[in-house]
Amino acid sequence: MKLNPSKDFLLVTGGCGYIGSHTTVVLQKAGFQVLILDNLKNSKPKVLSRIQEITGQRPEFVEGDIRDAKGLEALFQKYRVSACLHFAGLKAVGESVEQPLNYYENNVQGSLQLFKAMKEAGVKRLVFSSSATVYGQPKSLPLSESASRQAENPYGQTKLMIEHILEDLCRSDLDWSVMSLRYFNPVGAHPSGMIGEDPLGIPNNLMPYISQVAVGRRKKLQVFGNDYPTSDGTGIRDYIHVMDLAEGHLAALRAAFESTGFQALNLGTGKAASVLELVQAFEQASGVKIDYEIVQRRPGDIAECWADPRLAREKLNWSCQRGLIEMCADSWNWQQKNPQGYD
Ligand code: NAD
Ligand code: UD1
């Protein structure tokens, strides 16, 4: 099957969310027609007009749920879909510990319904949003795709279970082509500042917390521990610009049409940054001082985690182009232009 820009639709589940919206922009700019399926549980419909302002084209939108088998059947009957990029899912680790059944139902059951509907419709090209969380506590660094997988909370379990389902599916039917993209820490925003990350309530993740401190929505950052065995004692991660990540999806989509089978790929920069280094980079990019205090470690946190990005470079001919300062500058631009997010 050929990948035909402009003719068929690409189904983007969760396309109103943070990463899905940026990927939609990249796909549309590359000439593809995008059909978004989203239940708006963690996003706002306003993102659709923002995407239109950036690309000149409003994505087709169906408000619906990946758990709704009938809805999916109707969708595949109405639209000619050539491939799916599957972002829809719940993603808050702490919430997943409190509400495991919701997470398994939404993420795993929802993905099963989606894959069954795809199979029924003969759509066998998929790019899946996995996560570096499937590696759990790293045994050695950098993390390569062959590292052992060990999820440490219900959210991580859902990603791991979905990867196993997809591996079995690809073994059962050799026509399937699945790219499971294991994201490291996505941050930043589209350079226009029209779309970006808009967490509901108090942000769980570092970059949105820092930018909300910078814009005056939060008093000060709590740095979760400075007694890790790292250079400055704070946690180390591999932050990746969301536009690099979005471009990685376009490359993975193209690759899914050139090969079959299950392929897991790390999407990260391979560069490590500590919490305090990110704070410094943000201060440099924004010119705003970020107040912080050192507090207890966050339960469940790992000391350090970064990617070996070589396999993605080899398989996708893609690598990250944007550094820490650009990530911070674009997060700040989005936050300044939208101090209350999309509201
Ligand atoms: P997000 O919450 O901004 O986007 C997810 C979208 O999916 C939201 O618009 C939400 O309304 C929608 N959704 C959720 N459940 C749905 C359902 N049952 N039916 C239809 N729509 C549904 O999250 P994001 O940061 O854009 O993440 C996208 C994907 O990438 C998720 O699967 C997430 O687990 C994964 N991921 C994210 C990160 C990260 O740091 N943001 C890291 C690794 C992996
Ligand atoms: C978290 C999730 C992980 C998920 C990832 C994706 C947990 C335990 N892990 O990872 O499963 O895949 O998000 O976005 O929630 N930090 C602070 N203060 C804050 C927030 C964070 O010091 O207010 C520190 C953390 O301790 C960590 C670093 O900043 O060292 C990054 O944290 P975060 O952005 O939450 O990402 P992860 O912990 O990597």
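In which loop does Leu40 lie? Leu40 lies in the loop between strand E2 (33–38) and helix H2 (46–55), where helices (H or I, at least four residues) and strands (E, at least two) are DSSP runs numbered from the N terminus. This is a predicted model, in which local features need pLDDT of at least 70 and side-chain atom pairs count only at pLDDT 80 or more, while totals for chains, interfaces and linings use all residues. Residues are numbered from 1 along each chain as its sequence is written, chains are lettered from A and ligands numbered from 1 in the order in which they are written, and side-chain values use heavy atoms, with hydrogens and water left out.

**The sheet**

- An open sheet is formed by 7 strands in the order E3-E2-E1-E4-E5-E6-E11, with parallel pairing; two strands pair if DSSP finds at least two bridges between them.
- Strand E3 (60–63) and strand E11 (261–267) stand at the edges with a single partner strand each, so one side of each is left without a neighbour in the sheet.
- From one strand to the next, the twist averages 20°.
- Strand E4 (residues 81–86) and strand E5 (residues 125–131) pair in the parallel sense over 3 bridges, and Leu85 has Val127 in E5 as its bridge partner.
- Helix H5 (residues 100–121) packs on the sheet and touches strand E1 (9–13), E4 and E5, contact meaning heavy atoms within 4.5 Å.
- The direction of H5 makes about 165° with that of E4; axes are lines fitted to C-alpha atoms, for helices over the stretch in contact, and angles run from 0 to 180 degrees between N-to-C directions.

**Around ligand 1**

- Of the 27 residues around ligand 1, Ile19, Asp38, Asn42, Ser43 and Tyr155 come nearest, a residue being near a molecule or strand if one of its heavy atoms lies within 4 Å of it.
- A backbone N or O atom of Tyr18 lies 2.9 Å from an oxygen atom of ligand 1, which is a polar contact, that is, a pair of N or O atoms within 3.5 Å.
- A nitrogen atom of ligand 1 is 3.0 Å from a side-chain N or O atom of Asp65, and a nitrogen atom of ligand 1 is 3.1 Å from a polar backbone atom of Ile66.
- The protein covers 95% of the 820 Å² of accessible area that ligand 1 has on its own, with areas taken from the Shrake-Rupley method with a 1.4 Å probe.
- E5 gives the most to the shell around ligand 1, with 3 residues.
- By class, this shell has 10 nonpolar, 11 polar and 6 charged residues; Ala, Val, Leu, Ile, Met, Phe, Trp, Tyr, Cys and Pro count as nonpolar, Asp, Glu, Lys and Arg as charged, and the others, Gly among them, as polar.

**Around ligand 2**

- Of the 17 residues around ligand 2, Gln222, Phe224, Arg237, Arg298 and Asp301 come nearest, and strand E8 (residues 221–224) gives the most to the shell, with 4 residues.
- An oxygen atom of ligand 2 is 2.8 Å from a polar backbone atom of Phe224, and a polar side-chain atom of Thr133 lies 3.4 Å from an oxygen atom of ligand 2.
- Of the 730 Å² of accessible area that ligand 2 has on its own, the protein covers 86%.
- The shell residues divide into 7 nonpolar, 7 polar and 3 charged.

**Backbone details**

- Most residues other than glycine have a negative phi, and most peptide bonds are trans.
- Phi of Leu40 is near 60°, a positive value in a residue other than glycine.
- A cis peptide bond, with omega about 0°, joins Leu141 and Pro142, and Pro142 has its place in the loop between E5 and H6.

Note on methods. A polar contact is a pair of N or O atoms within 3.5 Å; within protein, one must be able to donate a hydrogen and the other to accept it, and residues adjacent in sequence count only if both atoms are side-chain atoms.
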